[in-house]
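Subject: Structure for your reading

Dear colleague,

My notes on it follow, and I would ask you to read them with the model open beside you.

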Amino acid sequence: MDPNELTLAEARDALKAKRISARELTQAHLDAMAKARALNAFVRETPDLALKMADEADRKLASGEARPLEGIPLGIKDLFCTEGVTTTAGSKILETFVPPYESAVSANLWRDGAVMLGKLNLDEFAMGSSNETSAYGNVVSPWRRRGSDAQLVPGGSSGGSAAAVAARLCLGATATDTGGSIRQPAAFTGTVGIKPTYGRCSRWGTVAFASSLDQAGPIARTVRDCAILLGSMAGPDARDTTCVDLPVPDFEAAVSRGVNGLTIGIPKEYRVDGMPAEIQKLWDDGAAWLKAAGATIKEISLPHTSSALPAYYIVAPAEASSNLARYDGVRYGLRVSGKDIAGMYENTRAAGFGREVKRRIMIGTYVLSAGYYDAYYVRAQKIRTLIKRDFEQAYAAGVDAILTPATPSSAFGIGEKASADPVEMYLNDVFTVTVNMAGLPGIAVPAGIDGQGLPLGLQLIGRPFDEETLFAVAQVIEEAAGRTILPEPWWS
Amino acid sequence: MSVDEKTVRRIAHLARIAVTDDEVGPLQGELNAILAFVEQLGAVDVSGVEPMTSVTPMAMKKREDVVTEGGRAAEMVANAPETEDNYFLVPKVVE
């Protein structure tokens, strides 16, 4: 039994059955991480802490007090505050920030007995779709095109999380999703990632990018593993007023429900011009698999789909400009002196933020400024109402979940989209942003391999707080697509 | 809508981010590319539509107005670049 080839669910069984100890399981993953530094998935490894947590897990397993994730080694996106462990948000401006408290989501994982292997790399402040904007270097995808050694992106912003899971450096990872940052990297790396309904997970202690769009979620190698992780991550929290007071359903139990009698919507507006034939075929295959498993397939219309991406690039930067105002060199992080206090603010932020972050703060500042607020921000928020209404009407007409492609292509090369036009990179999120704008849950599940040997994923969008149906449908796709394929280790 | 150099400098000042003369041009180009992209929203009919102010329909949770924690001043300033007696030290603000 190779500990690194186990799924999270299998490892959980193996630990309970004492076929492996928590220490052995954690050490196997620490060893894999040490061999995989070329991927740059981890910004910080925490081996001493991991082994200490693993030993405690072994004690609990021995005394029969095992908690739901006892001894399971995980990676934590470096956007979640971890008490006593530096948390950088992928930025130079927080290079020295050591949180004196734990985020709600990671606290839930430790409450359930999980082990922290380290902090995972990400696009700076979660702004990016390729993990090329981190102040701590690019993440290199564990995948390569057949016959090529060109470095590929893992997707972003949760690039470190997706890469680490695909490369078997951890059994699962936490991530966040504001416009697609869980689903797009999951699709690029052949892993499963779910962004739950807005309000399902607490955002307390998670570094904020866009407060009305951000949501934490897991990335793992199977649908079942994701369901297990979300079950621990989610839950009410009085410290986050947007976190709903709903009990956490048994997501794992929903995985094997099947899709008999469900109606799956296929939105015609997602069939975009120039969509590669392979992606269209994958989408058709997905619909056929679900039909064969007992679902009804129905074409639907979400008329405001094409407005979602431009509206997102008003709303998200606007909220970011407000959220990132706190990084001013006063209470934490980098300080660069200036001739006076204003100079200190301006120099600190100029030195501490990367290009993409500055760009988004400035767009956000502009669209919120006097004279432009109504024309841009208020208009975008009205369009958001229309986008959400499209989904509500589809669901009211009897649709249980919606099937779409996850990304417009497979993973591209590092540096390939470094043109002067930032919009080219933004187009990666064209299928995913609608879901954040409407506050709905969305899951990406691997569905095939393209002509170059790279993973392709499908996306399912669900009703509010109905992640259970998403897990059930995704499981059918996972089984129909065949066993999970992981990249051959070129890095060790 | 597009921005000129003067506007770029004004936005940078509002955002409290220093920009060098060399940076203004490229920034202007990038911001204009994004603004050109979002221009298409002007064509959407939003008459009679309310802006979305709450993602999930819910009333904001409130709590009792009582002190629940505190007395951890040293922890609060532990990450600060400059402190004295648990105060955050900054350059003089008021002349």
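Strand 9 of chain A and strand 11 (residues 455-462) of chain A run antiparallel and are joined by five bridges. Within this pair, A:Ile402 has A:Ile461 of strand 11 as its bridge partner. Please bear in mind throughout that this is a predicted model. Strand 9, which covers residues 401-405 of chain A, is mostly covered, with five of its five residues buried. Strand 9 also pairs with strand 7 (residues 263-267) of chain A, here in the parallel sense and over two bridges. In that pairing A:Ile402 is the bridge partner of A:Gly265.

These strands belong to an open sheet in chain A. The sheet has eleven strands in the order 1-3-2-4-6-5-10-11-9-7-8, and its pairing is mixed. Which strands stand at the edges? They are strand 1 (42-45) and strand 8 (296-300) of chain A; each has a single partner strand, so one side of each is left without a neighbour in the sheet. From one strand to the next, the twist averages 30°.

Elsewhere in the sheet, strand 2 (residues 73-77) and strand 3 (residues 115-120) of chain A run parallel and are joined by five bridges. Here A:Gly75 stands opposite A:Gly118 of strand 3. Helix 5 (residues 159-166) of chain A packs on the sheet, where it touches strand 1, strand 2, strand 3, strand 4 (173-177) and strand 6 (215-220) of chain A. The direction of helix 5 makes about 145° with that of strand 4 of chain A.

Is helix 5 of chain A mostly covered or mostly uncovered? It is mostly covered, since eight of its eight residues are buried. Among them are A:Gly159, A:Gly160, A:Ser161 and A:Val165. The cover over the buried residues of helix 5 includes helix 6 (183-189) of chain A, as well as strand 1, strand 2, strand 3, strand 4 and strand 6 of chain A. Just after helix 5, A:Arg168 takes a positive phi of about 65°.

Helix 13 (residues 374-396) of chain A has 23 residues and reaches 31 Å from its first C-alpha to its last, which is close to the 33 Å expected at 1.5 Å a residue. Just after helix 13, A:Gly398 takes a positive phi of about 105°.

I turn now to chain B. Chain B holds three helices and two strands, and along the sequence they follow the pattern α-α-α-β-β. Its radius of gyration is 22 Å, well over the 12 Å that the globule rule gives for 95 residues, so chain B is more spread out than a compact globule. The C-alpha atoms of chain B fill a box of roughly 55 × 45 × 25 Å along the principal axes. Of the 95 residues in chain B, 14% are buried.

Finally, how many residues does each chain bring to the contact between them? Chain A gives 53 residues and chain B gives 37 residues. On the side of chain B that touches chain A, helix 1 (5-14) and helix 2 (21-38) of chain B each supply at least two residues. Helix 2 of chain B provides the largest share of that side, seven residues. By type, the residues of this side of chain B are 27 nonpolar, four polar and six charged.

Yours sincerely,
A colleague

Conventions: Residues are numbered from 1 along each chain as its sequence is written. Chains are lettered from A and ligands numbered from 1 in the order in which they are written. This is a predicted model: local features need pLDDT of at least 70, side-chain atom pairs count only at pLDDT 80 or more; totals for chains, interfaces and linings use all residues. Two residues are in contact if their C-beta atoms, placed from the backbone, lie within 7 Å. Helices (H or I, at least four residues) and strands (E, at least two) are DSSP runs, numbered from the N terminus. Ala, Val, Leu, Ile, Met, Phe, Trp, Tyr, Cys and Pro count as nonpolar, Asp, Glu, Lys and Arg as charged, and the others, Gly among them, as polar. The expected span of a helix is 1.5 Å times one less than its number of residues. The radius of gyration is taken over C-alpha atoms; the globule rule is 2.2 Å times the number of residues to the power 0.38. A residue is buried if 20 or more other C-beta atoms lie within 10 Å of its own, exposed if 12 or fewer, and partly exposed in between; C-beta atoms are placed from the backbone. Two strands pair if DSSP finds at least two bridges between them. Axes are lines fitted to C-alpha atoms, for helices over the stretch in contact, and angles run from 0 to 180 degrees between N-to-C directions.
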